[in-house]
Amino acid sequence: MASTHAVPPRWRRGEGARALLWLAPWIVGVLVFFGYPLLATVYFSFYRYDLFTLEFVGLDNWRYAFADERVYQSARNTLWLVVFMVPAQLLFALGVAQLLTKIKSGAGVLRTIFYLPSLVPAVAGTVAFVYLLNPATGPVNQLLALVGITGPDWFGSAAWAKPSLTLLAVWGVGNTMMIFLAALLDVPRHLYEAAAIDGAGAWRQFRNVTLPTISPVLMFSAITGVIYAVQYFAQAMIASRVASGATDSAGSTFTPGYPDGSLLTLPQHLFHTGFRDWSMGLACVHALLLFAVSMVFTLILLRQFSRAEGES
Amino acid sequence: MTATVTAGSRPARTVPAVRRRRRGLMWIAQHAIAIALAIMFLGPIAFVALTALMTDEQALTSQLWPQTWNWANFEVVFARSDLLAWTFNTFVYASLSTLFMLVSSVPAAYALSRFRFRGRKLAFLVVISTMMLPPQVVAVPIYLIWARLDLTDSLWPLIIPMLFGDAFSIFLLRQFLITIPRDYTDAARVDGCSDTRILFTVILPMARPAIAAVALFSFFYCWNDYYGPLLYAGVDQEGWTLSLGLATFKALHSVQWNLTMAATLLVTAPVIIVFFFAQRVFIEGVTLTGVKG
């Protein structure tokens, strides 16, 4: 699409300076809310700071963090979410989207129904699921009892807490599903027809035509899904709090991660260390660990985007 | 669609009976699965609504259907909590943030999509990086900035940064704006339009669906946000948002699930109502996020 003027037209002159003018507020924002804090986080990670006294402690915070069992526990929990929750969401979203492409009558209503839960506020959805899955009066275990199954303790047991959150995550997967649905409908019809003429069945059509065509969209959703799993906060925190019956709203006495630290994620550990225990230097170490993990996946995404930019 | 299939080589449509029956069974299976899934998706909302209408005594039992429809529960929720104040705070937070976001992000996306300059690609990569950065990574230094300005214990630390552009909105707007053909703006250039006039007379009218989508997303993000208010809103309940209030509702105001579920419904209802009025904007916006660069 490059214009083919031999001499650049008048309005091209000084374009860089004008662009800078339009970008100025954003550039200030990036420096103040991204650049500076990132450097300051590194700086504070070598200090003990509780909002009142600032004391240089060298590598103490780092040593403490690497000896902290809760750091490892939260890393394991995050890994669990990446390995189980994210794929569960993607597979489910893709399955439902594929199903919706086949359905002619009532597709609009079904689409709305599957999308709706993704709009429910995280807090409301989590509180609702803690109720639905509570073993005493919750409807899910009662319905399970009707067919002779003794339901688990869900949010009350360390083994079932993360699977319970996965159910919540799958319920709210409407966004991803809509993205997949749009991608599936965009696959050129003649590709399927060509494959059908070659004698490809439904499964081979899906593998050889659908998957390759929508793979950029799948990739994008997978990476963003992983990045959101890395910063998973609200649902885990609220599930712990409501299920444990913690009363303290400010949360100073509440130990996050109930039951048995099974729902503790690194962002929660950081939050409690920094803003409840006010060990801000130590929290900065957690922040840098979190940064390192998210950076790995961000770099993968950036490479994808640079490649796409190069093509267009 | 059928025209292109039947038009070529194939003679009259004579689908064998076996294949027709198989296709019929497929149709039934697909619809059955879809309807079953739809019921499972609506189930949580239905059970929440049923419980919200139970009496206090019944909510302690394991019955699933309300014996009497206790609509007064909603009044009790309003009476026992600061729900009105929370709604007001949430509304202020969401609408100011959205307004500020638009004022700052539209120009940035305009520059990234319409101007050619060195570092444009780098700027776009910075947008993606900031979008992907977990907000907790830079939380400590940013908190210290607001503490020094004495703005903690308010929602301003969440609203003011929106004046400096929101990465996700810039990303989304930019993705839309690059699809507007250059010819439109070039034509306006030839007519001697300034950058500002082109933005207002050419770009903005064409970008209306994208702007509506980011505005809605931003509003909903703030409406649903828990982490931000938890960090900044402080301990005074009067200054809380709906998310903060609901998160502690069960512990503070009621040991029974019925009132908590009524509160849950009240927090969710506005979102659902807005969705039904702006369904198309949502769907278009969501599909926009999935498009690759």
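## Transmembrane stretches of chain B

Let's start with what the record says. An unreviewed UniProt entry lists six stretches of chain B under "transmembrane region": residues 28-54, 91-110, 122-146, 158-177, 198-221 and 259-278. Keep in mind that the model you're looking at is predicted.

How do two of these stretches look in the model? Residues 28-54 of chain B are 93% helix and 0% strand, and their end C-alpha atoms sit 37 Å apart. For residues 259-278 of chain B, the figures are 95% helix and 0% strand, with 30 Å between the end C-alpha atoms.

## Where the two chains meet

Now for the partner chain. On the chain A side, 88 residues are in contact with chain B, which contributes 80 residues of its own. Helix H1 of chain A (residues 15-44) supplies the largest share of chain A's side, with 20 residues. Sort that side by class and you get 68 nonpolar, 15 polar and five charged residues.

Helix H6 of chain A (residues 139-146) is worth a look too. Its residues A:Pro139, A:Val140 and A:Asn141 are buried. The cover over the buried residues of H6(A) includes helix H5 (122-132) of chain A and also helix H2 (17-52) of chain B. Just past H6(A), you'll find A:Gly148 with a positive phi of about 85°.

## H3 against H8 in chain A

To describe two packed helices, you give the angle between their axes and the distance between those axes. Take helix H3 (residues 69-102) and helix H8 (residues 174-186), both in chain A: they pack at an angle of about 50°, with axes 8 Å apart. H3(A) and H8(A) are therefore oblique to each other, and their crossing is right-handed.

Who touches whom? On the H3(A) side, the residues include A:Leu90, A:Ala93, A:Leu94 and A:Ala97, while those of H8(A) include A:Met177, A:Phe180, A:Leu181 and A:Leu184. By class, this contact has 11 nonpolar, four polar and no charged residues.

Methods: Residues are numbered from 1 along each chain as its sequence is written. Chains are lettered from A and ligands numbered from 1 in the order in which they are written. This is a predicted model: local features need pLDDT of at least 70, side-chain atom pairs count only at pLDDT 80 or more; totals for chains, interfaces and linings use all residues. Two residues are in contact if their C-beta atoms, placed from the backbone, lie within 7 Å. Helices (H or I, at least four residues) and strands (E, at least two) are DSSP runs, numbered from the N terminus. Ala, Val, Leu, Ile, Met, Phe, Trp, Tyr, Cys and Pro count as nonpolar, Asp, Glu, Lys and Arg as charged, and the others, Gly among them, as polar. UniProt positions are given in the numbering used here, feature names are shortened, and annotations may be inferred rather than shown by experiment. Axes are lines fitted to C-alpha atoms, for helices over the stretch in contact, and angles run from 0 to 180 degrees between N-to-C directions. Angles under 35 degrees count as roughly parallel, over 145 as roughly antiparallel, 65 to 115 as roughly perpendicular and the rest as oblique. A crossing is left-handed if the near helix is turned anticlockwise from the far one by less than a right angle, and right-handed if clockwise. A residue is buried if 20 or more other C-beta atoms lie within 10 Å of its own, exposed if 12 or fewer, and partly exposed in between; C-beta atoms are placed from the backbone.
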